[in-house]
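Visitor: I'm new to this one. Can you walk me through it?
Guide: Happy to. Here it is.

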Amino acid sequence: MWIPMLSLTALPHVGGIFGGIITRKEVKTWYTTLKKPSWRPPNAAFPVVWTTLYTGMGYGSYLVWKELGGFTEDALVPLGLYGMQLALNWAWTPIFFGAHNIKLAMIEIVMLTGTVAATMVSWYPVSRTATLLMVPYLAWLCLATTLNYCIWRDNPEPKKDD
């Protein structure tokens, strides 16, 4: 049982590593040019927070997987929603930091937050512990969504000439 536990716990970090590569350059260049709210967490907090959140959500997915007997028919919705939120999570960084598309990133993070909430609802009857491991993630996403909104609001896209 060690291999599934380690694999499912590590899986979210895969996208996090690729996202970190994109972010690392942009946070020192493009991101510094944006107006950001004063309450924004310091840049150094993000890798620590995301490492913790990815580990918690990954281990939670293992608990659900184990409780449902692996990738079974019963696991389709809870693990399908989990996979969907993970894909949305991984997609946000290339949209925001890679493409510099703050508006699309805003739409995407709202979809992500809703999908995380739906994942938690589907996990609750299976494993309350797994659901509780997602609570800090949902809370962070609420903060991140608000931050994304404020950055979008305060950094309007340049007007295009007709």
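Guide: One term before we start. Buried means under 20% relative accessible area, exposed means over 50%, and partly exposed falls in between. Also keep in mind that this is a predicted model.

Visitor: Okay. Is W123 buried or exposed?
Guide: W123 is buried, because its relative accessible area is 0%. Under 20% is the cut-off for that word.

Visitor: Where is W123 found?
Guide: W123 is in helix α4.

Visitor: What is W123 in contact with, leaving aside its neighbours within four places in sequence?
Guide: Nine names to look up: M57, G60, S61, V64, P78, Y82, A130, T131 and M134.

Visitor: And how far apart are W123 and F96 in space?
Guide: Their C-alpha atoms are 29 Å apart. Along the sequence, W123 and F96 are 27 residues apart.

Visitor: Switching topic. How many residues are in the largest nonpolar core?
Guide: That core has 40 residues. Y31, F96 and Y137 have the most contacts inside it. Helices α1 (2-26), α2 (45-67), α3, α4 and α5 (128-154) each supply at least two residues of this core.

Visitor: Which residues does Y137 touch, not counting those up to four places away in sequence?
Guide: Y137 touches W50, L53, M57, Q85, N89, L112 and V116.

Visitor: What separates the C-alpha atoms of G15 and W90?
Guide: A distance of 5.3 Å. Along the chain, G15 and W90 are 75 residues apart.

Visitor: New topic. How many salt bridges are there?
Guide: The count comes to two. In one, the side chains of E26 and K25 meet, with 3.3 Å from N to O. In another, D154 pairs with R153, and the closest N and O atoms are 2.8 Å apart.

Visitor: Are E26 and K25 buried or exposed?
Guide: E26 counts as buried, because its relative accessibility is 9%. K25 is exposed, because its relative accessible area is 55%.

Visitor: And D154 and R153?
Guide: D154 is partly exposed, with a relative accessible area of 25%. R153 is partly exposed as well, with 46%.

Visitor: Which residues does the UniProt annotation "transmembrane region" cover?
Guide: The record, an unreviewed entry, gives residues 6-23, 44-65, 77-97, 104-124 and 130-152.

Visitor: How much helix is in residues 44-65?
Guide: That span is 95% helix and 0% strand. Its end C-alpha atoms lie 33 Å apart.

Visitor: And residues 77-97?
Guide: There the chain is 100% helix and 0% strand. The end C-alpha atoms of residues 77-97 are 31 Å apart.

Visitor: Last one. Where is H100 found?
Guide: H100 is in the loop between α3 (76-98) and α4 (102-123). Its phi is near 60 degrees, a positive value in a residue other than glycine.

Visitor: Why does H100 count as partly exposed?
Guide: Because its relative accessibility is 33%. That value sits between the under 20% and over 50% cut-offs.

Notes
Residues are numbered from 1 along each chain as its sequence is written. This is a predicted model: local features need pLDDT of at least 70, side-chain atom pairs count only at pLDDT 80 or more; totals for chains, interfaces and linings use all residues. Side-chain values use heavy atoms; hydrogens and water are left out. Helices (H or I, at least four residues) and strands (E, at least two) are DSSP runs, numbered from the N terminus. Buried means under 20% relative accessible area, exposed over 50%, partly exposed in between (1.4 Å probe, protein chains only). A nonpolar core is a set of buried Ala, Val, Leu, Ile, Met, Phe, Trp, Tyr and Cys residues joined through side-chain atoms within 4.5 Å. Contact means heavy atoms within 4.5 Å. UniProt positions are given in the numbering used here, feature names are shortened, and annotations may be inferred rather than shown by experiment. A salt bridge is a side-chain nitrogen of Lys or Arg within 4 Å of a carboxyl oxygen of Asp or Glu.
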